[in-house]
Amino acid sequence: MTSAPVVNTSDAPSTSVTVRRLGGRIGAVVSGVRLGGDLEPAVVAAVRAAAVEHKVIFFRGQDHLDGESHEAFGRLLGTPVAHPTVPSADGRYALGIDSDHGGRANQWHTDVTFVPAYPAFSILRAVTIPPYGGSTLWSNTAAAYAELPAQLRALADSLRAIHSNDYDYAALRPDAGPEAFAKYRDVFTSTTFRTEHPLVRVHPESGERVLLLGNFVQRIAGLTGRDSRALIDLFQSHIERPENTVRWQWRTGDVAVWDNRATQHYGVDDSDAHDRKLRRVTVDGDIPVGPDGRPSLLMSPETVPAPAFGIPSGASTAA
């Protein structure tokens with residue numbers, strides 16, 4: 001267990017942030033912190049450092065948070081940003097991750113990679129938890145890259161991939177009826193984004209190389225069909241290796257904060273018809289850069305309102 005000292009106000013007793021690892025490669029539980037927008041800078045620095053080091057960190061007993069204080073905490077880590085197409089459910093930026101609306105995504109993904117500067121951090125708060133099931137898994141994409149044989153690392157370093165929010169929803173949710181499918185098409189793909197990312201990005205804070213994949217990937221740039229899918233599946237299989245993952249069983253009032261630049265996650269749909277409601281605030285990120293120094297590139301839409309989520313004002317596009 002590691003600990004980091006915390007500076008408090010003069011009328012408060014001295015405390016410390018404690019970080020307890022959950023696994024050798026990913027995950028830690030943080031205690032000694034009451035989340036909100038009024039944290040001391042030293043506490044914020046300790047939380048951020050823990051998230052970058054352990055990839056995902058968990059806080060128990062944060063029942064005091066509401067939409068406003070959830071977003072206020074997000075501002076301490078950066079600039080909160082709304083989802084580019086889905087309306088917020090709670091406050092200005094808090095996205096609803098509910099069992100009846102997008103909360104049963106049985107697929108590995110990194111949040112919002114279909115835009116260039118996808119979120120740096122995601123902050124997920126448990127509001128309603130089913131009596132069983134409904135856990136979430138995270139994977140360390142830096143560890144997945146580091147364990148690759150040298151030949152595969154060299155190959156991954158040379159590849160780029162096309163990400164889009166227009167993916168096969170019917171395959172993801174075969175039980176969804178026509179109305180649910182139509183609602184998804186109308187909302188989630190109200191604007192269709194396509195972005196070319198490096199398959200490997202260099203983390204801007206840790207300097208690690210991480211695999212950039214997930215369910216928003218459509219194909220490897222320059223390849224089509226079977227060859228593209230074979231390479232995607234090859235590298236994704238290393239991300240999903242159990243030793244690179246951690247699983248969290250939610251309780252009401254739990255909060256998870258993860259480094260969205262170095263993780264994928266998977267919401268497990270095993271709670272039957274029971275309600276599961278969470279709220280997610282995302283913090284804006286930067287444009288990824290590959291090992292060769294080439295940045296990610298917005299491919300479509302050709303015209304984007306500025307400033308737009310994850311897309312700097314004046315960003316160029318490619319056909």
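These legends accompany several close-up views of a predicted model.

**Figure 1. The whole chain at a glance.** Let's start with the overall view before zooming in. The chain holds seven helices and 18 strands. Of its 319 residues, 51% are buried. Among contacts with a separation of 6 or more, 80% are between residues 24 or more positions apart.

**Figure 2. Confidence along the chain, and the two ends.** The average pLDDT of the chain is 85, and 78% of the residues score at least 70. Over residues 1-14, the pLDDT is below 50, and this stretch has 24 contacts in the model beyond near neighbours in sequence. Residues 312-319 also have a pLDDT below 50, with 13 contacts in the model beyond near neighbours in sequence.

**Figure 3. The salt bridge between R25 and E147.** Across the whole structure, a search finds 16 salt bridges. In this view, R25 pairs with E147, and their closest N and O atoms are 3.1 Å apart. The pair links distant parts of the chain, 122 residues apart: R25 sits in the loop between β2 (16-21) and β3 (28-31), while E147 belongs to the loop between α3 (141-146) and α4 (150-158). R25 counts as partly exposed because its relative accessibility is 35%. E147 is partly exposed too, with a relative accessible area of 22%.

**Figure 4. The salt bridge between R48 and E205.** Here the closest N and O atoms of R48 and E205 come to 2.9 Å apart in a salt bridge. R48 is in helix α1 (residues 41-54) and E205 is in the loop between β11 (200-202) and β12 (209-211), so the pair links parts of the chain that are 157 residues apart. R48 has a relative accessibility of 26% and therefore counts as partly exposed. For E205 the relative accessible area is 39%, which also makes this residue partly exposed.

**Figure 5. K55 and its partner E208.** The salt bridge between E208 and K55 has its closest N and O atoms 2.6 Å apart. Because E208 lies in the loop between β11 and β12 and K55 in the loop between α1 and β4 (56-59), the pair ties together parts that are 153 residues apart in sequence.

Figure 6. How many of the five residues of β9 (residues 160-164) are buried? The strand is mostly covered, with five of its five residues buried. Both faces are covered, with R160, I162 and S164 on one side and A161 and H163 on the other. β9 pairs with strand β10 (residues 194-198) in the antiparallel sense over five bridges, and T195 in β10 is the bridge partner of H163. β9 also pairs in the antiparallel sense with strand β13 (residues 217-220), over three bridges. In that pairing, A161 stands opposite I220.

**Figure 7. The surroundings of R201.** R201 lies in strand β11 and counts as buried because its relative accessibility is 1%. The side chains of R201 and Y118 are joined by a polar contact of 3.0 Å. Leaving aside neighbours within four places in sequence, R201 is in contact with residues including E208, R209, R261, D286 and P288.

Figure 8. V112 is not a glycine, yet has a positive phi of about 60°. This residue is found in the loop between β6 (95-98) and β7 (121-128), and V112 is buried, with a relative accessible area of 3%. The second detail is a cis peptide bond between S300 and P301, with omega at about 5°. P301 lies in the segment after β18 (297-300).

How values were computed. Residues numbered from 1 in each chain as written. Heavy atoms only, no water. Salt bridge = Lys/Arg side-chain N within 4 Å of Asp/Glu carboxyl O. Helix = DSSP H or I, 4+ residues; strand = E, 2+ residues; numbered from the N terminus. Buried < 20%, exposed > 50% of the residue type's maximum accessible area, 1.4 Å probe, protein only. Contact = heavy atoms within 4.5 Å. Pairing = 2+ DSSP bridges. Polar contact = N/O pair within 3.5 Å; in protein donor to acceptor, adjacent residues only side chain to side chain. pLDDT = per-residue confidence, 0-100.
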